[in-house]
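Work through the exercises below with the sequence and the model open. Try each task before reading its solution.

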Amino acid sequence: GKNRMIIVDGAPGIGKTRFLYAVEKDMGNHFSPVRVQGEIKEAFGPYYLAAYIAMAMMNRLGDKGISILEKTDEAEIDRLAQIIPQIRETDPLLPENDPEQREAVFSSFTGFITRLAGDRPLVLLIDDLHYSDPASLHLIRMLIKNGQVPVFLCGTASREKQTIGESVALDLFRDAYSEEL
């Protein structure tokens with residue numbers, strides 16, 4: 001019933017992904033884990049990991065989340081399309097550089113994820129979290145902090161021989177929020 005976050009660090013080939021599969025298998029008996037993987041080619045695209053999480057959650061529902069989208073007003077769909085462009089048939093409008101507008105986008109996303117989770121805790125299993133983008137990490141933090149749904153995040157990350165850009169977002173996130181989360 002409480003939010004928890006664990007990140008397993010290790011060298012490539014040490015068994016982090018196998019560990020995540022074991023956690024998924026064990027938790028699958030009681031929860032519906034959402035499993036996604038960080039992608040190096042996407043690491044600089046804002047919200048890509050958050051979009052992966054939302055799409056994975058939608059895909060596991062019988063109607064692929066359509067009923068939840070149908071109950072969502074157009075303004076909120078526009079805000080969600082800033083993070084999940086696939087939910088709009090046309091390109092989403094470019095966001096304004098306004099803190100209030102950004103906050104509304106974040107609030108819409110966390111509310112949408114909460115509705116997708118239903119009455120169950122949200123279990124996020126993220127492999128290669130070191131490829132995450134800063135915007136997605138911020139949204140994950142907001143999900144954990146808002147407390148509308150219990151969140152358990154179990155991620156894996158590599159720390160060996162990384163190039164510039166790899167793990168920077170995750171390291172900054174850890175430095176800023178590890179005590180809080």
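**Exercise 1. The crossing of H6 and H7**

Task: Determine whether the crossing of H6 and H7 is left-handed or right-handed, and describe the contact.

Solution. 
Step 1. The crossing of H6 and H7 is right-handed. A crossing is left-handed if the near helix is turned anticlockwise from the far one by less than a right angle, and right-handed if clockwise. Helices (H or I, at least four residues) and strands (E, at least two) are DSSP runs numbered from the N terminus.

Step 2. Two packed helices are described by the angle between their axes and the distance between the axes. For helix H6 (residues 134-146) and helix H7 (residues 168-177), the axes come within 9 Å and cross at roughly 35 degrees. Axes are lines fitted to C-alpha atoms, for helices over the stretch in contact, and angles run from 0 to 180 degrees between N-to-C directions.

Step 3. H6 contributes Pro 134, Leu 137 and Arg 141 to the contact, and H7 contributes Ala 169, Leu 170, Phe 173 and Tyr 177. Contact means heavy atoms within 4.5 Å.

Step 4. Sorted by class, the contact of H6 with H7 has six nonpolar residues, no polar ones and one charged residue. Ala, Val, Leu, Ile, Met, Phe, Trp, Tyr, Cys and Pro count as nonpolar, Asp, Glu, Lys and Arg as charged, and the others, Gly among them, as polar.

A note on the basis: this is a predicted model, in which local features need pLDDT of at least 70 and side-chain atom pairs count only at pLDDT 80 or more, while totals for chains, interfaces and linings use all residues. Residues are numbered from 1 along each chain as its sequence is written, and side-chain values use heavy atoms, with hydrogens and water left out.

**Exercise 2. The surroundings of Thr 72**

Task: Where is Thr 72 found, and which residues does Thr 72 touch, not counting residues up to four places away in sequence?

Solution. 
Step 1. Thr 72 is in the loop between helix H3 (66-70) and helix H4 (74-81).

Step 2. Its relative accessible area is 8%, so Thr 72 is buried. Buried means under 20% relative accessible area, exposed over 50%, partly exposed in between (1.4 Å probe, protein chains only).

Step 3. A polar atom of the Thr 72 side chain lies 2.7 Å from the backbone oxygen of Ile 68.

Step 4. Not counting residues up to four places away in sequence, Thr 72 touches Ile 77, Leu 80 and Arg 115.

Step 5. Glu 76 is found in helix H4 and is buried, with a relative accessible area of 15%.

**Exercise 3. Aromatic pairs**

Task: How many aromatic pairs does the structure hold, and why is the pair of Tyr 47 and Phe 106 edge-to-face?

Solution. 
Step 1. There are three aromatic pairs in the structure. Rings of Phe, Tyr and Trp (its six-membered ring) pair if their centres lie within 6.5 Å; planes under 30 degrees apart count as stacked, over 60 as edge-to-face and the rest as tilted.

Step 2. The ring centres of Tyr 47 and Phe 106 are 6.3 Å apart and the planes stand at 65 degrees, so this pair is edge-to-face.

Step 3. Tyr 47 lies in the loop between strand E2 (34-37) and helix H2 (48-59) and Phe 106 in helix H5 (residues 99-117), so the pair ties together parts that are 59 residues apart in sequence. Tyr 47 is buried at 14% relative accessibility, and Phe 106 is buried at 7%.

Step 4. Another pair is Tyr 48 and Tyr 52, with ring centres 5.1 Å apart and planes at 85 degrees, so this pair is edge-to-face. These two residues are four apart in helix H2, so about one helical turn separates Tyr 48 and Tyr 52. Tyr 48 is buried at 6% relative accessible area, whereas Tyr 52 is partly exposed at 24%.

**Exercise 4. Positive phi**

Task: What is the phi of Tyr 47, and what is the phi of Asp 128?

Solution. 
Step 1. Most residues other than glycine have a negative phi.

Step 2. Tyr 47 has a phi near 70 degrees, a positive value in a residue other than glycine.

Step 3. Asp 128, also not a glycine, has a positive phi of about 60 degrees. Asp 128 is in the loop between strand E3 (122-127) and H6 and is buried, with a relative accessible area of 17%.

Methods:
Polar contact = N/O pair within 3.5 Å; in protein donor to acceptor, adjacent residues only side chain to side chain.
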